[in-house]
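Hello,

Here is the structure we talked about handing over. My notes follow below it.

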Amino acid sequence: MLTILAITFPFFALVLCGYLAVRRTLLPLAAISGLNSFVLYFALPCMLYRFGAATPVAQLLDASVFGVYLLCALIMVGVTTAMTLSHRIDWNNAAFGALVAAFPNTGFMGVPLLLTLLGPRSSGPVIVTIVVDMLITSSLCIALSRIGSGGAHGSRAAVVNALKGMAGNPMPWAIVLGALSSWLELALPKPLTQTVGLLADAASPVALFTIGAVLARSQMSTSDPAPLGEYVPVALKKLLLHPLLVWGIGNAAIALGAPLDPFALTCMVLVACLPSASNVALLSERFGANTARIARIILVSTALSFLTFSAAVSWLA
């Protein structure tokens, strides 16, 4: 366990550094959007492209990984929505609570962390989970958030807007280009390869630092005293229920004869152990949900995941 903590500590320490940099005003709030843009549009796409290009296409098109992970995501969305709907939490807030419970921080945190722990072979299953979360889980929850709003702002319009947003996200395109390069066995010219490599190497530290900065900004910009019962249970669902669900359904699928590689299942379980994705707070703000509640869920899940994720690695590895 101490060995695992020694591996995971630097990653969470970088998150803490970003958090403290903002809280101590060493990093201006206005600079956070620039860091986010660098990671989202430059560093992380290069990392995903590099690993996609180095991963066999069969791993990137693994239907068993896709199906099991998608089923678990749908169950998480359904369970969380049903358990949180109340007179205080409407469809909009319940849907974004469900999204933050089902959407791990795979892009900013999971990719560098799992590649360090499990090696390049983990990139295939991890990329599949990113595709599911970005294209399906997010679109579903945004559609659910529009129930009852009606008119041009109803579910259909929300899904269309969500799909347009996904089309403008460079990460899926980086995955597609990497998969094509792997399939066609193409190699970039050496100067381009070196440029992509430099940006990809910057993705991990800057992304982790940015997570901490975003969490600090969210905490500083919200003053709504939401009850603990409205956000702590959702954070615990993300860290405990989600990975247990993936582990249980994955093992059941293997027992029923599904061609699911046990190593891929381990990768999926560890992805589910990750804290909630920080970009859900930005989505919730855009669609008028209670961003303070979502930010608290992300903050609690990120703080607790240092122990829960390390324990999961110790159990599975």
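The structure holds three salt bridges, a salt bridge being a side-chain nitrogen of Lys or Arg within 4 Å of a carboxyl oxygen of Asp or Glu. This is a predicted model, in which local features need pLDDT of at least 70 and side-chain atom pairs count only at pLDDT 80 or more, while totals for chains, interfaces and linings use all residues. Residues are numbered from 1 along each chain as its sequence is written, and side-chain values use heavy atoms, with hydrogens and water left out.

One of the salt bridges joins D201 and R50, with the closest N and O atoms 3.2 Å apart. It links distant parts of the chain, since D201 lies in helix α10 (residues 190-220) and R50 in helix α2 (residues 29-53), 151 residues apart. Helices are DSSP runs (H or I, at least four residues), numbered from the N terminus.

Helix α14 (residues 291-316) packs with helix α13 (residues 279-286) at about 170 degrees, their axes 9 Å apart. Axes are lines fitted to C-alpha atoms over the stretch in contact, and angles run from 0 to 180 degrees between N-to-C directions. The two helices are therefore roughly antiparallel (over 145 degrees). V280, A281, S284 and E285 of α13 meet T291, I294 and I298 of α14, where contact means heavy atoms within 4.5 Å.

Helix α1 (residues 2-23) also packs with α14 at about 170 degrees, with axes 9 Å apart. α1 and α14 are therefore roughly antiparallel to each other. Among the residues making this contact are F9 and F12 of α1 and F306 and F309 of α14.

Regards

Notes: Angles under 35 degrees count as roughly parallel, over 145 as roughly antiparallel, 65 to 115 as roughly perpendicular and the rest as oblique.
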